[in-house]
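Here is a friendly walk through one protein model. Have the sequence and the 3D view at hand as you read.

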Amino acid sequence: LEGHGMGRAHHRVLHFVGRAPGIRVGDLLAILGITKQSLGRVLQPMIESGLVAQATGRADKRQRLLSLTPAGEALERQL
């Protein structure tokens, strides 16, 4: 992980998003037991670097649904 500039929090996000593609941010917060602000610090760079994709919910446009990109999936397999 250190070689990719990531820590344990990044690995946990990769793991849980990889296991549940389309997971809502709120559900991920509950699983990880962290604050929205803490998740944002970890998640935003992962989105910007192309590891995690973010989509808007179909029924509720306020929802943010997360899934791994092919690059994120490849990194998760390496870990």
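Thr 69 sits in the loop between S3 and H4. (Helices, H or I with at least four residues, and strands, E with at least two, are DSSP runs numbered from the N terminus.) Is Thr 69 buried or exposed? With 15% relative accessibility, Thr 69 counts as buried; buried means under 20% relative accessible area, exposed over 50%, and partly exposed in between, using a 1.4 Å probe and protein chains only. Apart from neighbours within four places in sequence, Thr 69 is in contact with Gly 50, Leu 51, Val 52 and Ala 53, where contact means heavy atoms within 4.5 Å.

Keep in mind that this is a predicted model, in which local features need pLDDT of at least 70, side-chain atom pairs count only at pLDDT 80 or more, and totals for chains, interfaces and linings use all residues. Residues are numbered from 1 along each chain as its sequence is written, and side-chain values use heavy atoms, with hydrogens and water left out. The protein chain has a mean pLDDT of 93, and 100% of its residues reach 70 or more; pLDDT is the predictor's confidence in each residue, from 0 to 100. The table gives the two ends of the range among the elements.

| Element | Residues | Mean pLDDT |
|---|---|---|
| Helix H4 (lowest) | 70–78 | 93 |
| Strand S3 (highest) | 64–68 | 97 |

Now to the sheet. Three strands form an open sheet in the order S1-S3-S2, with antiparallel pairing. Strands S1 (23–24) and S2 (52–56) stand at the edges with a single partner strand each, so one side of each has no neighbour in the sheet. Two strands pair if DSSP finds at least two bridges between them, and S1 and S3 are joined over two bridges. Ile 23 stands opposite Leu 66 in S3.

Helix H1 (residues 8–19) lies across S1 and S3, at about 100° to S3. Axes are lines fitted to C-alpha atoms, for helices over the stretch in contact, and angles run from 0 to 180 degrees between N-to-C directions. H1 also packs with H3 at about 70°, their axes 10 Å apart. That makes H1 roughly perpendicular to H3, a label for angles of 65 to 115 degrees (under 35 is roughly parallel, over 145 roughly antiparallel, the rest oblique). On the H1 side, Ala 9, His 10, Val 13 and Leu 14 make the contact, meeting Leu 39, Val 42, Leu 43 and Met 46 of H3.

In helix H2 (residues 25–32), Val 25, Leu 28, Leu 29 and Leu 32 are buried. The buried residues of H2 pack against H1, S1, helix H3 (36–48) and S3. After H2 comes Gly 33, with a positive phi near 70°.
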